[in-house]
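Let us walk through this structure step by step. Keep the model in view as you read.

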Amino acid sequence: MIRRIDALSYSNALRQLPAMWKGLFAAVMFILSYALHPALQLVIAGWMTVWCVLYAKIPLRAYGLLFGTALLFFCLSLPALLLEIGHPTAGEALMSLQLPASTRSLYITAEGLHRAGLLLARVLACLTCCFFIIFTTPFGELLQVLRRLRMPQIVLELMLIMYRFLFLLSDTAHGMMLARRLRGGRRGRVAKLREVAGMAGSLFANTMHRYYGLSQGLITRGYMGEIILPPYVSRPVPRRFTVQACAGIFLLLLAQLWILRSW
């Protein structure tokens, strides 16, 4: 999946927009995703999806796959948000289940559902803002933007090495899985668990071996303790994108003001 995302970041329709402008726009929308009403957070989620799918021409399948994968982590947190253990008062529990060999109950309240709904709206809005940067901005340009924002050089180098390390890890894991399939694998649940454990150890060893080769390649290319990044190149922003972004932010703030006044 990471190779697919990297390829889309270089081939999307918004590729020529300045990375600084895209980062500023996503940062403003991310802040609004925290501050605005939950209904407006859903509007932000829909609007940023339009920017990615319609404007940037990101395939809906790739966008939905990454979006669904990210939402899995939210689903894993739902039991902690919804379920409570104790003695609910009359009318408090929407659903309850008596625990065996105990006087306590496992129940769900309307407050828990409301809390989970508010968090879901915020998560959707924030995810779409992050996906806008991920799908439309190459990683190299993102590092250039961070450098202009005075990010320490050591942090930029660590980010670059870790990003490269992800590709090494992905290639190694893919090669090992392909070799396992060609050999037929093992039958049985216990045998598969043992094989997965063995593959995990081999994956770490093989990946570290390739990482050593990467470090040696940097040294042979003249690495002297600092990775030189290419300079940031500013490009003009089409007026229609600027107008749409400013108008959308203004309308969101106006809607938030109207909601606060109506309360």
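Helix α4 (residues 60–82) lies across β1 and β3 and runs at about 35 degrees to β1. Helices (H or I, at least four residues) and strands (E, at least two) are DSSP runs, numbered from the N terminus. Axes are lines fitted to C-alpha atoms, for helices over the stretch in contact, and angles run from 0 to 180 degrees between N-to-C directions. Contact means heavy atoms within 4.5 Å.

This is a predicted model, where local features need pLDDT of at least 70, side-chain atom pairs count only at pLDDT 80 or more, and totals for chains, interfaces and linings use all residues. Residues are numbered from 1 along each chain as its sequence is written, and side-chain values use heavy atoms, without hydrogens and water.

Now the sheet. The open sheet has three strands in the order β1-β3-β2, with antiparallel pairing. Two strands pair if DSSP finds at least two bridges between them. β1 (83–86) and β2 (93–98) are at the edges with a single partner strand each, so one side of each has no neighbour in the sheet. Five bridges join β2 to β3 (residues 105–109). Among the residues of β3, Leu106 is the bridge partner of Leu97. Helix α5 (residues 110–136) also packs on the sheet, touching β1, β2 and β3.

Turn to another helix pair. The axes of α3 (residues 38–55) and α9 (residues 239–262) come within 11 Å and cross at roughly 170 degrees. α3 and α9 are therefore roughly antiparallel (angles over 145 degrees). Trp47 and Trp51 are among the α3 residues in this contact, and Ile249 and Leu252 are among those of α9.

How values were computed. Parallel < 35°, antiparallel > 145°, perpendicular 65-115°, else oblique.
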